Amino acid sequence: MSQFTSEEKEAMKAEAGIAACAFVSSGMQIGIGTGSTVKYTILELGRRIREEGLEISGIPTSDATEKLSIEQGIPMLDWENCNHLDLVIDGADEVDPSWRLTKGGGAALLTEKILAVASDRYAIVVDESKLVDRLGERHPLPVEVVPDALTVVQRALLDLGIDGIVREAVRKAGPVITDHGNLIIDAKLVRYFDPEEIELSLATVPGVVCVGIFTRPVDDLFVGWTNKKITRYRPGEDAHAQRR
(Lines give C-alpha, C1' and ligand atoms only; values in the text may rest on other atoms or scores of the structure.)
Protein backbone atom coordinates (compact mmCIF):
# COMPACT_ATOMS: atom_id res chain seq x y z
CA MET A 1 0.00 0.00 0.00
CA SER A 2 1.25 3.48 -0.81
CA GLN A 3 2.05 6.00 1.85
CA PHE A 4 -0.47 8.77 2.41
CA THR A 5 0.20 12.44 2.88
CA SER A 6 -1.06 14.06 6.06
CA GLU A 7 -3.57 16.00 3.97
CA GLU A 8 -4.89 12.80 2.37
CA LYS A 9 -5.28 11.08 5.72
CA GLU A 10 -7.06 14.05 7.27
CA ALA A 11 -9.49 14.25 4.33
CA MET A 12 -10.22 10.51 4.60
CA LYS A 13 -10.84 10.79 8.32
CA ALA A 14 -13.22 13.71 7.84
CA GLU A 15 -15.23 11.88 5.17
CA ALA A 16 -15.59 8.73 7.28
CA GLY A 17 -16.35 10.53 10.52
CA ILE A 18 -19.05 12.69 8.96
CA ALA A 19 -20.67 9.87 6.97
CA ALA A 20 -21.57 7.86 10.07
CA CYS A 21 -23.67 10.76 11.35
CA ALA A 22 -26.26 10.14 8.65
CA PHE A 23 -27.60 7.26 10.74
CA VAL A 24 -28.05 9.36 13.86
CA SER A 25 -31.61 10.57 14.44
CA SER A 26 -33.38 12.54 17.15
CA GLY A 27 -34.13 10.63 20.33
CA MET A 28 -31.03 8.43 20.12
CA GLN A 29 -28.67 7.74 22.97
CA ILE A 30 -25.24 7.16 21.49
CA GLY A 31 -21.76 6.22 22.59
CA ILE A 32 -19.13 8.59 21.29
CA GLY A 33 -15.66 7.22 20.64
CA THR A 34 -12.21 8.72 20.92
CA GLY A 35 -9.68 9.64 18.26
CA SER A 36 -8.83 11.77 15.27
CA THR A 37 -11.56 10.33 13.03
CA VAL A 38 -14.37 10.47 15.58
CA LYS A 39 -13.44 14.11 16.12
CA TYR A 40 -15.17 14.84 12.82
CA THR A 41 -18.20 12.84 13.93
CA ILE A 42 -18.50 15.05 17.01
CA LEU A 43 -18.12 18.23 14.96
CA GLU A 44 -20.81 17.08 12.53
CA LEU A 45 -23.20 16.11 15.32
CA GLY A 46 -22.67 19.53 16.84
CA ARG A 47 -23.45 21.17 13.51
CA ARG A 48 -26.64 19.15 13.15
CA ILE A 49 -27.74 20.09 16.67
CA ARG A 50 -27.24 23.78 15.93
CA GLU A 51 -28.54 23.88 12.36
CA GLU A 52 -31.06 21.03 12.14
CA GLY A 53 -32.39 20.79 15.69
CA LEU A 54 -31.07 17.26 16.19
CA GLU A 55 -31.89 16.04 19.70
CA ILE A 56 -29.55 13.36 21.03
CA SER A 57 -27.55 12.57 24.13
CA GLY A 58 -24.30 10.70 24.45
CA ILE A 59 -21.86 8.85 26.68
CA PRO A 60 -18.23 9.73 25.94
CA THR A 61 -15.39 7.22 25.96
CA SER A 62 -12.78 9.65 27.30
CA ASP A 63 -12.32 12.97 29.01
CA ALA A 64 -11.13 14.46 25.72
CA THR A 65 -14.26 13.28 23.92
CA GLU A 66 -16.47 14.62 26.69
CA LYS A 67 -14.78 18.04 26.51
CA LEU A 68 -15.20 18.35 22.73
CA SER A 69 -18.77 17.01 22.85
CA ILE A 70 -19.79 19.59 25.45
CA GLU A 71 -18.14 22.33 23.40
CA GLN A 72 -20.28 21.21 20.45
CA GLY A 73 -23.48 21.29 22.48
CA ILE A 74 -24.02 17.52 22.76
CA PRO A 75 -25.81 16.70 26.06
CA MET A 76 -23.90 14.14 28.11
CA LEU A 77 -25.36 11.07 29.82
CA ASP A 78 -24.01 8.95 32.62
CA TRP A 79 -24.73 5.27 33.22
CA GLU A 80 -27.19 6.00 36.01
CA ASN A 81 -29.44 7.73 33.49
CA CYS A 82 -28.93 5.37 30.57
CA ASN A 83 -30.41 1.89 30.29
CA HIS A 84 -29.25 1.29 26.72
CA LEU A 85 -27.35 2.78 23.81
CA ASP A 86 -28.86 2.85 20.32
CA LEU A 87 -25.53 3.28 18.59
CA VAL A 88 -21.81 3.61 19.21
CA ILE A 89 -19.64 5.46 16.69
CA ASP A 90 -15.94 4.85 17.23
CA GLY A 91 -12.66 4.64 15.38
CA ALA A 92 -9.96 1.96 15.25
CA ASP A 93 -6.21 1.74 14.88
CA GLU A 94 -6.45 -1.39 12.71
CA VAL A 95 -9.22 -3.40 11.03
CA ASP A 96 -8.46 -6.90 9.75
CA PRO A 97 -10.41 -8.72 6.98
CA SER A 98 -12.73 -10.27 9.60
CA TRP A 99 -13.40 -6.79 11.02
CA ARG A 100 -11.64 -7.53 14.27
CA LEU A 101 -10.08 -4.36 15.62
CA THR A 102 -7.00 -3.06 17.36
CA LYS A 103 -8.00 -0.10 19.53
CA GLY A 104 -6.44 1.92 22.31
CA GLY A 105 -4.15 4.36 20.53
CA GLY A 106 -5.97 7.10 22.42
CA ALA A 107 -5.70 5.16 25.71
CA ALA A 108 -9.50 4.94 26.05
CA LEU A 109 -9.86 1.22 25.31
CA LEU A 110 -11.60 0.21 28.55
CA THR A 111 -14.56 2.56 28.19
CA GLU A 112 -14.62 1.93 24.43
CA LYS A 113 -15.01 -1.81 25.03
CA ILE A 114 -17.71 -1.29 27.66
CA LEU A 115 -19.76 0.85 25.27
CA ALA A 116 -19.23 -1.56 22.38
CA VAL A 117 -20.73 -4.40 24.39
CA ALA A 118 -23.60 -2.27 25.70
CA SER A 119 -24.77 -0.87 22.35
CA ASP A 120 -27.47 -2.15 20.00
CA ARG A 121 -25.43 -1.12 16.97
CA TYR A 122 -21.68 -0.68 16.48
CA ALA A 123 -20.31 1.60 13.76
CA ILE A 124 -16.59 1.97 13.09
CA VAL A 125 -15.15 4.89 11.12
CA VAL A 126 -11.63 4.71 9.65
CA ASP A 127 -9.51 5.90 6.78
CA GLU A 128 -8.20 3.29 4.36
CA SER A 129 -4.73 3.24 5.96
CA LYS A 130 -6.28 1.40 8.94
CA LEU A 131 -7.17 -1.68 6.86
CA VAL A 132 -4.58 -4.40 7.52
CA ASP A 133 -4.10 -8.07 6.71
CA ARG A 134 -3.54 -8.96 10.37
CA LEU A 135 -3.80 -7.15 13.68
CA GLY A 136 -0.45 -5.91 14.92
CA GLU A 137 0.79 -5.29 11.40
CA ARG A 138 1.26 -1.55 11.86
CA HIS A 139 0.36 -0.76 15.46
CA PRO A 140 1.31 -2.39 18.75
CA LEU A 141 -1.45 -3.96 20.79
CA PRO A 142 -2.45 -1.73 23.74
CA VAL A 143 -2.95 -3.49 27.07
CA GLU A 144 -4.32 -1.47 30.00
CA VAL A 145 -2.70 -2.52 33.26
CA VAL A 146 -3.09 -1.75 36.96
CA PRO A 147 0.20 -0.06 37.96
CA ASP A 148 0.98 -2.57 40.71
CA ALA A 149 0.75 -5.43 38.19
CA LEU A 150 3.16 -3.96 35.63
CA THR A 151 5.99 -6.42 36.24
CA VAL A 152 3.65 -9.42 36.36
CA VAL A 153 2.00 -8.48 33.06
CA GLN A 154 5.30 -7.80 31.29
CA ARG A 155 6.55 -11.22 32.42
CA ALA A 156 3.36 -12.85 31.11
CA LEU A 157 3.87 -11.13 27.77
CA LEU A 158 7.43 -12.42 27.55
CA ASP A 159 6.16 -15.93 28.30
CA LEU A 160 3.97 -15.57 25.21
CA GLY A 161 6.92 -14.35 23.15
CA ILE A 162 5.73 -10.75 23.10
CA ASP A 163 7.75 -7.65 23.91
CA GLY A 164 5.84 -4.91 25.68
CA ILE A 165 6.88 -1.39 26.64
CA VAL A 166 5.10 1.13 28.83
CA ARG A 167 3.65 3.94 26.74
CA GLU A 168 5.30 7.27 27.47
CA ALA A 169 3.44 10.57 27.38
CA VAL A 170 4.30 12.88 24.49
CA ARG A 171 3.74 16.27 26.09
CA LYS A 172 5.10 15.58 29.57
CA ALA A 173 7.64 13.36 31.28
CA GLY A 174 6.47 9.98 32.49
CA PRO A 175 4.07 7.29 31.36
CA VAL A 176 0.61 7.74 29.87
CA ILE A 177 -2.02 7.51 32.61
CA THR A 178 -5.50 6.48 31.44
CA ASP A 179 -8.71 8.16 32.60
CA HIS A 180 -9.05 5.21 35.02
CA GLY A 181 -5.60 5.76 36.53
CA ASN A 182 -3.90 2.82 34.82
CA LEU A 183 -0.87 2.31 32.57
CA ILE A 184 -0.73 1.24 28.93
CA ILE A 185 1.67 -1.44 27.71
CA ASP A 186 2.16 -1.42 23.94
CA ALA A 187 2.74 -5.04 22.97
CA LYS A 188 4.56 -5.72 19.71
CA LEU A 189 3.05 -8.70 17.89
CA VAL A 190 6.09 -9.65 15.80
CA ARG A 191 4.56 -12.95 14.69
CA TYR A 192 1.02 -14.05 13.92
CA PHE A 193 -1.29 -14.53 16.89
CA ASP A 194 -4.93 -15.53 16.69
CA PRO A 195 -6.73 -12.41 17.95
CA GLU A 196 -9.29 -14.28 20.06
CA GLU A 197 -6.62 -16.48 21.64
CA ILE A 198 -4.27 -13.62 22.52
CA GLU A 199 -7.15 -11.57 23.89
CA LEU A 200 -8.24 -14.42 26.17
CA SER A 201 -4.68 -15.25 27.22
CA LEU A 202 -3.92 -11.67 28.26
CA ALA A 203 -7.34 -10.96 29.80
CA THR A 204 -6.81 -13.74 32.33
CA VAL A 205 -3.50 -12.32 33.61
CA PRO A 206 -4.07 -10.71 37.03
CA GLY A 207 -3.73 -6.95 36.73
CA VAL A 208 -4.77 -6.69 33.09
CA VAL A 209 -7.75 -4.36 32.92
CA CYS A 210 -8.44 -4.41 29.18
CA VAL A 211 -6.88 -5.82 26.00
CA GLY A 212 -7.07 -3.67 22.87
CA ILE A 213 -8.40 -6.43 20.63
CA PHE A 214 -12.09 -5.89 19.87
CA THR A 215 -14.05 -8.85 18.55
CA ARG A 216 -17.58 -7.50 19.11
CA PRO A 217 -19.20 -7.77 15.64
CA VAL A 218 -19.14 -4.51 13.69
CA ASP A 219 -22.52 -3.60 12.17
CA ASP A 220 -21.35 -0.75 9.92
CA LEU A 221 -17.81 -0.04 8.71
CA PHE A 222 -17.25 3.38 7.15
CA VAL A 223 -14.02 3.75 5.18
CA GLY A 224 -12.71 7.02 3.79
CA TRP A 225 -10.68 6.58 0.61
CA THR A 226 -8.06 8.85 -0.97
CA ASN A 227 -10.43 9.67 -3.85
CA LYS A 228 -12.64 11.34 -1.21
CA LYS A 229 -15.21 8.61 -1.67
CA ILE A 230 -16.71 7.25 1.51
CA THR A 231 -17.97 3.67 1.49
CA ARG A 232 -20.26 2.06 4.01
CA TYR A 233 -19.77 -1.68 4.34
CA ARG A 234 -22.12 -4.16 5.97
CA PRO A 235 -21.18 -7.54 7.46
CA GLY A 236 -19.98 -9.96 4.78
CA GLU A 237 -18.74 -7.25 2.42
CA ASP A 238 -15.02 -7.08 1.65
CA ALA A 239 -13.67 -3.64 2.46
CA HIS A 240 -10.07 -4.76 2.06
CA ALA A 241 -10.50 -5.64 -1.63
CA GLN A 242 -10.39 -1.95 -2.60
CA ARG A 243 -7.04 -1.19 -0.98
CA ARG A 244 -4.47 0.24 -3.33
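1. In this predicted model, helix α4 (residues 109-118) supplies the largest share of the lining of the largest cavity, namely 3 residues. The residues that line this cavity are Thr61, Ala107, Ala108, Leu109, Leu110, Thr111, Glu144, Thr178, Asp179 and His180. By class, the lining comprises 4 nonpolar, 4 polar and 2 charged residues.

2. The volume of the largest cavity is about 40 Å³. The structure contains 1 cavity of 30 Å³ or more.

3. The lining of the largest pocket is divided by class into 6 nonpolar, 6 polar and 6 charged residues.

4. A separate point concerns helix packing. Two packed helices are described by the angle between their axes and the distance between the axes. For helix α2 (residues 38-52) and helix α3 (residues 63-71), the axes come within 9 Å and cross at roughly 25°. Helix α2 is therefore roughly parallel to α3, since angles under 35 degrees count as such. The crossing of α2 past α3 is right-handed.

5. The contact between these helices brings Lys39, Ile42 and Leu43 of α2 against Thr65, Leu68 and Ser69 of α3. By class, the residues of the contact of α2 with α3 are 3 nonpolar, 2 polar and 1 charged.

Definitions and conventions. Residues numbered from 1 in each chain as written. Predicted model: local features only at pLDDT ≥ 70, side-chain atom pairs only at ≥ 80, totals over all residues. Heavy atoms only, no water. Nonpolar A, V, L, I, M, F, W, Y, C, P; charged D, E, K, R; others polar. Axes fitted to C-alpha atoms, helices over the stretch in contact; angles between N-to-C directions. Helix = DSSP H or I, 4+ residues; strand = E, 2+ residues; numbered from the N terminus. Parallel < 35°, antiparallel > 145°, perpendicular 65-115°, else oblique. Left-handed = near helix turned anticlockwise from the far one by under 90°. Contact = heavy atoms within 4.5 Å. 1 Å grid on protein atoms, 1.4 Å probe; cavity = no way out; pocket = protein on both sides within 12 Å on 5 of 7 lines; lining within 4 Å. Points joined across faces, edges and corners; volume = space filled by probe spheres on them.
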